[in-house]
Amino acid sequence: SLESYLQALLRLPPVIQDDTIWGFLDADLATAFVPRFLCRSGTPIVIEKCFANLERVTAKDANLFRLVNNAVLDELVVFAQTEANEAACADSPQNNGLPQTQTQSPLLQAKLHCRLRFCTVLRPLISHDSARRTLVEGGVFGALIALLCRASEDYEAAPSDDSFGEVYRSVIVAVTDCLQRLLENTQGGAMLRFCQEEDGFAALRRMAAVESVPLHSIAASLVWHSLHNPDVVSVFSGTSARGFPLLGRLLQSSDLRARILAALCVSSTVRHEGALDEVQREEALKALEGVPADLDTAEDEAIRRTAVVLADRAHGCLTANGSLRVEGTHNTAVDRDTA
């Protein structure tokens with residue numbers, strides 16, 4: 001029958017990607033964009049076009065229902081998981097067939113833009129109750145954490161003169177924003193599920209590793225926003241205190257913001273009634289002893305740097321030997337590197 005024939009045609013990706021079948025069915029483009037995404041294949045350039053089309057769908061709230069089904073939402077999670085396993089940087093040993101010439105590479109640019117467009121599509125779905133539940137149950141939080149780590153690794157591996165440096169950073173910002181939105185819209189529930197049902201603590205500890213300094217403040221911020229949920233506090237400070245090694249690493253970070261957020265996390269846990277026993281409370285409070293001095297030192301450094309910059313602009317003159325001489329002060333030379 002004609003119906004069976006059409007059903008068979010709609011199972012073929014080349015047919016799905018062709019405008020002819022949708023014209024025959026008198027379907028609008030928004031209807032066609034979703035199955036085209038599900039049947040996507042080929043290069044990042046082709047996949048980016050699919051995401052660009054989905055962006056057009058999600059731009060109107062009235063069209064959002066087209067994406068709120070398990071097939072599409074699961075595929076979005078799969079995309080994030082797949083991207084997390086593929087390096088975007090051509091210099092990376094895990095590069096998956098991307099060209100070895102970074103400069104103005106269309107494939108590399110398309111791959112990075114795919115990640116950005118993915119986040120753009122994901123944001124309105126995170127705000128949709130039904131879609132958000134399906135995404136969280138499908139493991140989107142863990143997939144985004146993995147993608148964030150990959151994006152950071154790609155950025156660090158890229159040459160210093162890479163023309164796509166700003167795009168790398170934009171991907172990190174976009175993925176982080178999606179994670180924060182998930183935490184806000186689930187009141188920390190996404191983190192709770194991540195730590196209980198997935199290998200959440202291990203993933204967060206990787207973000208807090210010594211070599212992952214750019215991710216330290218992000219990890220600390222995610223934990224801080226999660227601890228507003230009492231169940232997350234219980235998971236972090238339970239019988240084995242699984243969250244404390246993570247917070248301990250962040251307290252030792254070279255990133256001041258990460259250290260402060262980690263200190264707030266520890267303080268929040270200490271203040272949560274019944275979360276810690278007496279021994280754990282003492283250990284937590286001891287870990288916070290150095291924070292005030294740390295803040296004082298950071299403030300002094302900031303004041304000193306500001307004073308040097310202002311002096312440089314207002315009264316200074318740069319000498320031939322690279323020192324900064326400031327007129328009208330007792331300290332006549334300030335090393336520029338120190339400044």
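Modeller: One term before we look around: a residue is buried under 20% relative accessible area, exposed over 50% and partly exposed in between, using a 1.4 Å probe and protein chains only. Keep in mind that this is a predicted model, where local features need pLDDT of at least 70 and side-chain atom pairs count only at pLDDT 80 or more, while totals for chains, interfaces and linings use all residues. Residues are numbered from 1 along each chain as its sequence is written, and side-chain values use heavy atoms, with hydrogens and water left out.

Biologist: Fine. What percentage of the residues of the protein count as buried?

Modeller: It's 46% of the 339 residues. The secondary structure comes to 18 helices and three strands; these are DSSP runs numbered from the N terminus, with helices being H or I of at least four residues and strands E of at least two. As for contacts (heavy atoms within 4.5 Å), take those in the protein with a separation of 6 or more: 65% of them come from residues 24 or more positions apart.

Biologist: Let's do a helix pair. At what angle do the axes of α6 and α7 cross?

Modeller: The general idea is that two packed helices are described by the angle between their axes and the distance between the axes. Here, α6 (residues 70-84) and α7 (residues 106-126) cross at roughly 145 degrees, and their axes come within 11 Å. The axes are lines fitted to C-alpha atoms, for helices over the stretch in contact, and angles between N-to-C directions run from 0 to 180 degrees.

Biologist: Is the crossing of α6 and α7 left-handed or right-handed?

Modeller: Left-handed. That term applies if the near helix is turned anticlockwise from the far one by less than a right angle; clockwise makes it right-handed.

Biologist: And which residues in α6 and α7 meet?

Modeller: On the α6 side you'll find Leu 73, Leu 76, Phe 79, Ala 80 and Glu 83; they meet Lys 111, Cys 114, Arg 115, Phe 118, Val 121 and Leu 125 of α7. By class, that contact has eight nonpolar residues, three charged ones and no polar ones. Nonpolar covers Ala, Val, Leu, Ile, Met, Phe, Trp, Tyr, Cys and Pro, charged covers Asp, Glu, Lys and Arg, and the others, Gly among them, are polar.

Biologist: Next, rings. How many aromatic pairs does a search of the whole structure find?

Modeller: Seven. Phe 79 and Phe 118 make a tilted pair, 5.2 Å centre to centre with 45 degrees between the planes. That pair links distant parts of the chain, with Phe 79 in α6 and Phe 118 in α7, 39 residues apart. Both Phe 79 and Phe 118 are buried. Phe 201 and Phe 236 form an edge-to-face pair, at 5.1 Å and 65 degrees. Phe 201 sits in helix α12 and Phe 236 in helix α14, so this pair ties together parts 35 residues apart in sequence.

Biologist: What are the cut-offs for rings that pair?

Modeller: Rings of Phe, Tyr and Trp (its six-membered ring) pair if their centres lie within 6.5 Å; planes under 30 degrees apart are stacked, over 60 edge-to-face, and the rest tilted. Ring pairs also link Phe 37, Phe 51, Phe 79 and Phe 118 into a cluster.

Biologist: How many salt bridges does the structure hold?

Modeller: There are 13, each a side-chain nitrogen of Lys or Arg within 4 Å of a carboxyl oxygen of Asp or Glu. Look at Glu 48 and Arg 117, which meet at 3.2 Å, N to O. Glu 48 is in helix α5 (residues 44-58) and Arg 117 in helix α7, so the bridge ties together parts 69 residues apart in sequence. Glu 48 counts as buried at 15% relative accessibility, whereas Arg 117 is partly exposed at 25%.

Biologist: What does Lys 111 form a salt bridge with?

Modeller: Glu 86, with the closest N and O atoms 2.9 Å apart. Lys 111 lies in helix α7 and Glu 86 in the loop between α6 and α7, 25 residues apart. Lys 111 and Glu 86 are both buried. Then there's Arg 123 with Asp 177, at 2.9 Å, N to O. Arg 123 lies in α7 and Asp 177 in helix α10 (residues 165-186), so that pair ties together parts 54 residues apart in sequence. Asp 177 is partly exposed, at 25%. Finally, bridges that share partners join Glu 83, Glu 86, Lys 111, Arg 115 and Asp 154 into one network.

Biologist: Last one: which residues in helix α11 are buried?

Modeller: In α11 (residues 189-197), Ala 190, Met 191, Leu 192, Arg 193, Phe 194 and Cys 195 are buried. The helices that they pack against are α8 (129-137), α9 (140-157), α10, α12 (200-207), α13 (213-226) and α14 (230-236).
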